[in-house]
Amino acid sequence: MARNKVKDPNKLGFGRLMAFKSSDIVAAWINLIMLNYLSIYASDTLGVNLLTVSTLLLASKAVDAVTDMVAGVVVDNTHTKLGKGRPYELSIIGMTICTILLFAGNPAWSNVVKCAWIFCMYTLTFSIFATLRNAAMNPYTIRTFSNNPVLLKKVSSYGGIITMAGSIVMSTLFPILMAKMATSAAGWTRMVAIIMIPATVIGLGRFVFCKEDPAVDAESKQEPIRLKELGELLRRNKYVWLYGLIMLCYNIITNLAVGAYYFKWIVGNIGMQGLLSVVSFVLVPVMLVFPVIMKKMGSMGKMIFTFSIIGVAGYGIAFFSGSWLPGVFGGYVLGQIATLPIAYYGVLFIMNICTYNEMLGMPRMDGSSAIPGNFAAKLGGALGAWITGVLLSLAGYISAEGVTEQPAGALMMIRIDFAIVPAILVLIIGLCCLAFSKLEKQAAEFEAEKKAKETPVTEDA
């Protein structure tokens, strides 16, 4: 007799995981290009003042303040045949197109036109398309994997490794391509187009192959979420603000956009910046044991706090190393240990925040609960570039094509921005995560009690 195979609900197929993470890889590429190289492209190729560029990026966050709230409510009120979050995955197409257009500027344009072009393309990318995609991320992920905690943790852990690998590949290749191709405005355009056109196809893998499980919403009332509930969320849920601060600091660190300046002026070889990503491969084994470390420490928050202490020490090593590459690379890797879990466990933060909403007697608000974190992430991305622009401008950095030397004060400020600023932010992240660990314990107990109540009690005959 043939045996009927019972499908393991906790099994995560590699093909399914790759399809789901395809979009995240492309989004990571866009963030890498836009947030780490836009400033040096605008200042050294288009000839726009560095402080002006960073101020434009920061100003676009005023648009985000509005679109983030609208997008969260829109996603929470979306009920289509495709699902709640899946339709908004198509935003990845808009993100890739706007990225190409942003790097298609012309140095011959007037300064006003160049600034308007940068502002519009950057705002469309992050305030419109990325906002919709980010707001839909949590509902889409939960429903794709049937709200299964085991699968969601696997997606966060193993999926994080895939996204990191994709980011490392692009972080390694981009400076090399930049050194060879980005010698003119036209070269920048060709290079970004060569990267982003196939990326558009790759990024659609999630939308095409990953469908939502309708059973997740089958028993829910699907009541509309109004701005009143959103206001209550922001007023009563303290952890949503704590997560927002974590994401703000994390994104400032990852988007300081000072790496290109550091390797150009301190190391003396911008092509060497790609090696930062190569040495980051040593972090892959650490990521594989994140679930084990988390279990032993009792919570994700305590794990990240411990890593933050290591990160502060690492950035200190990088600062005192100057142009000595072994110290720079080693210190940078230690610094990355502190922030790596933040990049890949965001869905777990949001799940706990949604559970806390239930504990307070409010709707879960899967989409709206991500609003402060999403806004803080994009604000942090802009603040990172802005902080670099302000610090370097105050130190006398010269923004012009063909410059061969920079003032000593500007060189020191580049070193401070590269290491000391992130060290301070890493410590703040660690303290916030330690405070968040209290919610992790409460949320786990609440979910266990809720599950026990929902499980029917059977009596022995």
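**Figure 1. The whole chain, a helical fold.** Helices here are DSSP runs of H or I at least four residues long, and strands are runs of E of at least two. Counted that way, this predicted model has 19 helices and zero strands. The C-alpha trace spans about 90 × 55 × 40 Å along its principal axes. For 461 residues, a compact globule would come out with a radius of gyration near 23 Å, and the chain, at 22 Å, agrees with that.

Figure 2. Start with burial: 54% of the 461 residues count as buried. Then look at who touches whom: among contacts with a separation of 6 or more, 84% are between residues 24 or more positions apart.

**Figure 3. Helix H2 and its buried face.** This view takes in H2, residues 50–59. Its buried residues are Leu50, Val53, Ser54, Leu56 and Leu57. Look down the helix axis and these residues fall within an arc of 155 degrees, so they line one face of H2. What do the buried residues of H2 pack against? The partners are helix H1 (14–46), helix H3 (61–76), helix H5 (111–144), helix H11 (259–267) and helix H18 (371–394).

**Figure 4. Ser308, tucked into helix H15.** Ser308 is part of H15, the helix running over residues 300–321. Is Ser308 buried or exposed? With a relative accessible area of 0%, Ser308 is buried; the cut-off for that label is under 20%. Leaving aside residues up to four places away in sequence, Ser308 touches Ala338, Val426 and Gly430. One of these, Ala338, belongs to helix H16 (325–344).

Figure 5. Now for a residue in the loop between H15 and helix H16 (325–344): Trp324. Its relative accessibility is 55%, so Trp324 counts as exposed, given that the label applies over 50%.

Note on methods. Residues numbered from 1 in each chain as written. Predicted model: local features only at pLDDT ≥ 70, side-chain atom pairs only at ≥ 80, totals over all residues. Heavy atoms only, no water. Rg over C-alpha atoms; globule rule 2.2 N^0.38 Å. Buried < 20%, exposed > 50% of the residue type's maximum accessible area, 1.4 Å probe, protein only. Contact = heavy atoms within 4.5 Å. Arc of directions from axis to C-beta.
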